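Please look over the sequence and the structure shown below. The report that follows takes up a few parts of the chain in turn.

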Amino acid sequence: MTRTEYRWLLPSAMADPGLPDDRIRTRRTVRDWAVDITAFLIAAGIGMLALGTIEADDTTADIVVFVDSVVGAVACCALWLRRRWPVGLAVALTVVSVVEPVAAGALLVALFSLAVHRPFKPVAIVGALALALVPVQPLLRPDPATSFLASVLFGVLLILLVISWGMAVRSRRQLVVTLRERARRAEAEAELRAEQAQRLAREAIAREMHDVLAHRLTLLSVHAGALEFRPDAPAAEVGRAAGVIRDSAHEALQDLREIIGVLRGPGDTDEAHRPQPTLATLGALVAESRLAGMKVAVDNRVAEPQDAPAATGRTVYRIAQEALTNARKHAPGTEVSLTVAGGPGEGLTVEVVNPAPTEPFERVPGSGQGLIGLTERATLAGGELEHGPTKDGGFAVRARLPWPAA
């Protein structure tokens, strides 16, 4: 949370963001100075009234009036320390007020400050001490115009009133600070959730881009390498490879436009989104791979592939696409077997196996992130995927995905 614009209108304990510590000394705000001056004037006014009552008694010696005046002035000036040492000041003024009625106003202000700035336990102890000493002052310095009982009741009521008022102020401040801390924590949690959502979105986009573009770019790399290392190839073969390169580049651009269109959001592009791949379009993927020169043996045992759930079918398509891409990169010239089986209620299984390469070839670099992405994709779809080398030196990718019963 940002620092409030109107800091000077708040108490120093609440002017800074975060939970305040009662014992941390902070600089007074403009409001604090106004409150301190007002408290000083109130205490001085009550002291002046008490001093006027003492002077009106002809039996009071002048030296006593002078001492009372000095003590009252010191007590009022000591109130400027009430924020720094509220407990010690309240205890000292409680003791002084027993023999000095002119310190009563300063005592009330000190008790109020104690209740505002300290927890209940010290407030209760000092308050109990002040209440216990209330009857002593009328005995030592009785007021001729007021009875003993009235003086005691009036003193008790004033002490309870200022302590209760101070505790109410403290409770309200703690409530405001707690609500502010909750708002700050909620804001931080919202920012964290937004960052996590952005990270997950970036990971999903990166996975989708890898799945979509890796297949096309591998075709480009393989056929471009064939043209480079076989410049004497027949014209028909060169033309076929060039056609595959052109078509793959066009498809890669289309896929890239589609992903960028999703990132921009609806309404930012006039192009309609192309249909997402499903289990029914798996044959087109195989045909495209065969056109690129791969040998693919397909065993599709799914009776109604168009009835497969869209998410499951798309996952099967991406698994087959990535596995065929890896086989094209790491085992060119071999015959890859693709097996798909399953149905409603029993789930879908997809297996892509390629033998070890028998001829030397130009290796295409890879990071292995595709298989990691496939594992995550299968897990998100509620299934599982395993991959690894076979006994004959080849490589196999196997996945099992759910297909709920109709």
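## The strand sheet

In this predicted model, strand β1 runs parallel to strand β2 (residues 335-343), and the two are joined by six bridges. Within this pair, Val298 sits opposite Leu338 of β2. Strands of a sheet are held together by backbone hydrogen bonds, and the pairing can be parallel or antiparallel.

The pair belongs to an open sheet of five strands, ordered β1-β2-β3-β5-β4, with mixed pairing. Strands β1 (295-300) and β4 (384-389) are at the edges; each has a single partner strand, so one side of each has no neighbour in the sheet. From one strand to the next, the twist averages 10°.

## Annotated transmembrane regions

An unreviewed UniProt entry carries the annotation "transmembrane region" for residues 33-51, 63-81, 88-116, 122-140 and 147-168.

Two of these spans can be described from the model. Residues 33-51 are 100% helix and 0% strand, and the end C-alpha atoms of this span are 26 Å apart. Residues 147-168 are 95% helix and 0% strand, with 32 Å between the end C-alpha atoms.

## A nonpolar surface patch

Which residues make the nonpolar surface patch of about 520 Å²? They are Ile63, Val64, Phe66, Val67, Val70 and Val74.

One of these residues, Val70, lies in helix α3, which covers residues 62-78. Val70 has a relative accessible area of 40% and is therefore partly exposed, as that term applies between the limits of 20% and 50%.

Technical notes
Residues numbered from 1 in each chain as written. Predicted model: local features only at pLDDT ≥ 70, side-chain atom pairs only at ≥ 80, totals over all residues. Heavy atoms only, no water. UniProt positions renumbered as here; feature names shortened; annotations may be inferred. Helix = DSSP H or I, 4+ residues; strand = E, 2+ residues; numbered from the N terminus. Patch = residues over 30% accessible without salt bridge, like charges linked within 9 Å, V, L, I, M, F, W, Y side chains within 5 Å. Areas by Shrake-Rupley, 256 points an atom, 1.4 Å probe, with all protein chains shown as cover. Salt bridge = Lys/Arg side-chain N within 4 Å of Asp/Glu carboxyl O. Buried < 20%, exposed > 50% of the residue type's maximum accessible area, 1.4 Å probe, protein only. Pairing = 2+ DSSP bridges. Axes fitted to C-alpha atoms, helices over the stretch in contact; angles between N-to-C directions.
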